[in-house]
Amino acid sequence: MKSPAKCHDSLRSHIETVPLVDCHDHSMECGPKYEDAIQVIVNSYFVSDLIGASSEADVGKLNDAKLSVEDRWPILEKAWKRTCHTGYAQVARRVLQEFYDEDELTLDALKRVGQRLVKVEDEDVYVGILDKSNIAVRIVNNCPDVKAVLDGSLKLAPRSKPVIGLPGYHSIKSHAEVRQLMAPLKRTVTSLGEYLDACREIFKGFRKFGAIAFKDQSAYSRPLDYGNPSRAAAEEVFNWFMSDPRRVAAYPDGVKPLDDYLFHEFLRMARDMDFPVQIHTGHMAGIRNDIAKTNAVLMTPVFELHRDVRFDLFHANWPYSGELLYLCKNFPNVSIDFCWTNIIDPVYCQQMFKQALSSVPHGKIHGYGTDMGGRVDWAWGHAAIARDNIAIALAEMVEMEYLSLDEAKEVAHAWLFGNANEFFRLGL
Ligand SMILES: [Zn+2]
């Protein structure tokens, strides 16, 4: 992708040299290994577009490595023809070209790919691709073995800085869940006060291990309209299920007072620990979910109340760009994070980067996050598209004489590296 703006190529070349702070990723380890060529294409988020263009049953067959590539090719060919222009498909095309010298997806190309699958599970290969992508550090969110975090034995993928996943700690609805969450501390919790003390201890253990932020993706399973219930209302739910291990509080009304109360308590802990809070807003992975519940604007009362907590709002709130620009402009404690968004919808990003430049302080934008697992060849493709999006947006603003080329270079550096380095206190 490129812009016809005169300065585009020069700006794009400069942007290629800027190291990336990968603001959000899920890699737990290097890999998983590619077992066959179809996995190189039917990969990561692109699976959702392929299902959207065919069916779950068809994609189930594509994932069945017991079937030969020849047997699966007619299904893939048909689905590919219907979805080969999305942002995710752009990643697939770039990976084919860069790592396998294949310009087109054909059965013969797939057979050649199968002969030389990239060994993403090999740490040297993995690090080599991070170098090639110029990814300096990755802020990773995975579901680690908490016991291994607390005793310091957990091994992370290269260049990872972990975050603390919050949803499980505030969506509790039964005695069994509380017991399971507290197991790493080997502690029996009997009251809401004891539960909060234990959570604080676990979070401090994460910080000691190297965690740098909190992350919350509750928008997958509940609306972001957190109320501000009393401790008594929360305690009533907690005591109700703790007093009988067979009870389970019901979504939504049965759990909401406790869920909302704990979320606020954890934000107070974030403030006290000086940890930013990353929030999933907008588009969700997978298919068939409710987008209205994920709009960042639902959290306005939270941003108004927790003025000392720094919020990093994910996925550019796709498709609600206007609401997020407003929130970022209006609240000093709200930043915009384009993680994943650069490939959900490249054109949305190009437009929003331009609009963000003219409407919000450019120091509040975090421009890149892979948001995938350990198949790092796709991270390379994703990073290249993010660099394209920023180059196109800023080149067009230079062409409009909104800012100079040198200023555009400074903004690009801030968006891809400088802002996140400062915001997450990375000290790079
Ligand atoms: Zn994610």
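This is a predicted model: local features need pLDDT of at least 70, side-chain atom pairs count only at pLDDT 80 or more; totals for chains, interfaces and linings use all residues.
Biologist: At roughly what angle do the axes of helix α13 and helix α14 cross?

Modeller: Helix α13 covers residues 231-242 and helix α14 covers residues 256-273. Their axes come within 8 Å, and they cross at roughly 120°.

Biologist: Are α13 and α14 parallel, antiparallel, perpendicular or oblique to each other?

Modeller: Angles of 65 to 115 degrees count as roughly perpendicular, and those over 145 as roughly antiparallel. The crossing angle is roughly 120°. The two helices α13 and α14 are therefore oblique.

Biologist: Within what arc do the buried residues of α16 fall?

Modeller: An α-helix has 3.6 residues a turn, so residues three or four places apart point the same way. In helix α16 (residues 321-330), the buried residues are Ser321, Leu324, Leu327 and Cys328. Seen down the axis of α16, they line one face of the helix, because they fall within an arc of 125°.

Biologist: Which elements do the buried residues of α16 pack against?

Modeller: The buried residues in question are Ser321, Leu324, Leu327 and Cys328. They pack against α15 (300-305), β7 (311-313), β8 (334-337) and α18 (346-359).

Biologist: Where is Pro252 found, and what is the omega of the peptide bond from Tyr251 to Pro252?

Modeller: Most peptide bonds are trans. Pro252 is found in the loop between α13 and α14. The bond from Tyr251 to Pro252 is cis, with omega near 0°.

Biologist: What is the omega of the peptide bond from Gly31 to Pro32?

Modeller: Pro32 has its place in the loop between β1 (20-25) and α2 (37-41). The bond from Gly31 to Pro32 is cis, with omega near 20°.

Biologist: Is Arg159 buried, exposed or partly exposed?

Modeller: Arg159 is in the loop between α9 (146-150) and β3 (160-162), and has a positive phi of about 65° although it is not a glycine. A residue is buried with 20 or more C-beta neighbours and exposed with 12 or fewer. Arg159 has 18 inside 10 Å, so it counts as partly exposed.

Biologist: What is the phi of Arg425?

Modeller: Arg425 lies in the segment after α20 (405-423). With 11 C-beta neighbours inside 10 Å, Arg425 counts as exposed. Its phi is positive, near 50°.

How values were computed: Residues are numbered from 1 along each chain as its sequence is written. Axes are lines fitted to C-alpha atoms, for helices over the stretch in contact, and angles run from 0 to 180 degrees between N-to-C directions. Helices (H or I, at least four residues) and strands (E, at least two) are DSSP runs, numbered from the N terminus. Angles under 35 degrees count as roughly parallel, over 145 as roughly antiparallel, 65 to 115 as roughly perpendicular and the rest as oblique. The arc is that of the directions from the helix axis to the C-beta atoms. Two residues are in contact if their C-beta atoms, placed from the backbone, lie within 7 Å.
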